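Colleague: I've got a model open and I'd like to learn how to read it. Could you walk me through a few features?

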Amino acid sequence: MIRTVIIEDEKPAARKLERLLGLFTDLELVKTVNSVEEGIDWFAENQHPDLIFSDIVLGDGLSFDIFEKVPTKSFIIYTTAFDQYTLKAFKLNSIDYLLKPIMEEDLENAINKYKSFLPIESSHNSHEVKELIKNERQRLSRILVKIGYNLKIVQTDEVSCFFSENKIVYLQTKERPFPTDFTLDDLQEVLDDKKFFRVNRQFIINSDHIKNIHTSPFFKVELDFQPEEEITVSRDRVKDFKDWLSR
C-alpha cells in the first residue's frame, strides 16, 4: 500500500480529494492536515508517508513552511490554483503539479507518474530513482496566466517563445503575448530542454515553432508567431544552438 497524506485547508476540496483517492485501491490515506501549524506538529511526531498531496496556500501560511521546519523525503504532488509557486514546488520533492479543480484523469496520471519512479524488483537503486524524478519534474507542461480577473491555462506546447520586456517575462502564443510570474532563469530550470532553448538574454524559443533560420550575417530565428523584435542567437550560443537543433 502507498501511504498518503493530504494537506488542504478547504474542507470541500479536502473531501473531494479524499473521495478521488478512495478510487485507488493501492492508496491508504493516513491523515488529512488542515494547516501549517498542524502539519509541522504531525510530521514532527509521525512516520512520514510515501506520497503527499498538498495544497500550497493555507490559511496560516504556505505548505512549503511545513517542510522547511520538518524536512521530508516523501514525494509530493502539489494541488493549487496559483501558478506563481510552480518553480518552488518543482524544487521541493515535487513530482507533479495539479491545477484546481482537480480532474480524476489528471490525478490518475500523477499517481501513475509516482509509481513509475518506484524500484521494480530492486532494478533501480535510490540514486537512480532520485535522478529519474529530477529529470521528470524539470518539465513544465502548462502555465496559468491572468487575464484581468480571469485565469487561462496555456500549454507550453502552444508557446512559441518566452521573452523579457521591461523586467516582465511574457509567453507568446498564436493568440497574443501573456505576462508570467517567472524569470527566464527560472524557466530554464523547468522547461523541457529538448524543445526549449535560450538563444540570448531576452528570448527562450520553442523548436516546434521555428519557421526559418537565417545564418548570414548572423543567426536569426523566425517563429510561427513572435513579438515584433528580431530574435538573434548570441555569438557565444551559436555552437550550443546548432548542437541543440541536431539532437
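**Reading the model**

Modeller: Let's start with the overall picture: 43% of the protein's 247 residues are buried (under 20% relative accessible area, with exposed over 50% and partly exposed in between, using a 1.4 Å probe and protein chains only). This is a predicted model, so to speak of local features we need pLDDT of at least 70, and side-chain atom pairs count only at pLDDT 80 or more, while totals for chains, interfaces and linings use all residues. Residues are numbered from 1 along each chain as its sequence is written, and side-chain values use heavy atoms, with hydrogens and water left out.

Colleague: How many helices and strands are there?

Modeller: The protein has 8 helices and 17 strands. These are DSSP runs numbered from the N terminus (helices are H or I, at least four residues; strands are E, at least two).

Colleague: How do I read two packed helices?

Modeller: Two packed helices are described by the angle between their axes and the distance between the axes. Here, helix 1 (residues 11-21) packs with helix 5 (residues 104-116) at about 60 degrees, and their axes are 11 Å apart. Axes are lines fitted to C-alpha atoms, for helices over the stretch in contact, and angles run from 0 to 180 degrees between N-to-C directions. Helix 1 and helix 5 are therefore oblique to each other (under 35 degrees is roughly parallel, over 145 roughly antiparallel, 65 to 115 roughly perpendicular, and the rest oblique).

Colleague: Which residues of helix 1 and helix 5 meet?

Modeller: Leu17, Leu20 and Leu21 in helix 1 meet Glu104, Leu107 and Ile111 in helix 5, where contact means heavy atoms within 4.5 Å.

Colleague: And aromatic rings?

Modeller: A pair of aromatic rings is described by the distance of the centres and the angle of the planes. Rings of Phe, Tyr and Trp (its six-membered ring) pair if their centres lie within 6.5 Å; planes under 30 degrees apart are stacked, over 60 edge-to-face, and the rest tilted. By this rule there are 11 aromatic pairs. Phenylalanine 197 and phenylalanine 241 make a tilted one, 5.7 Å centre to centre with 50 degrees between the planes. That pair links distant parts of the chain, 44 residues apart: phenylalanine 197 is in strand 13 (residues 196-198) and phenylalanine 241 in helix 8 (residues 238-245).

Colleague: Are phenylalanine 197 and phenylalanine 241 buried or exposed?

Modeller: Phenylalanine 197 counts as buried because its relative accessibility is 9%, and phenylalanine 241, at 0%, counts as buried too. Phe197, Phe219, Phe241 and Trp244 form one aromatic cluster.
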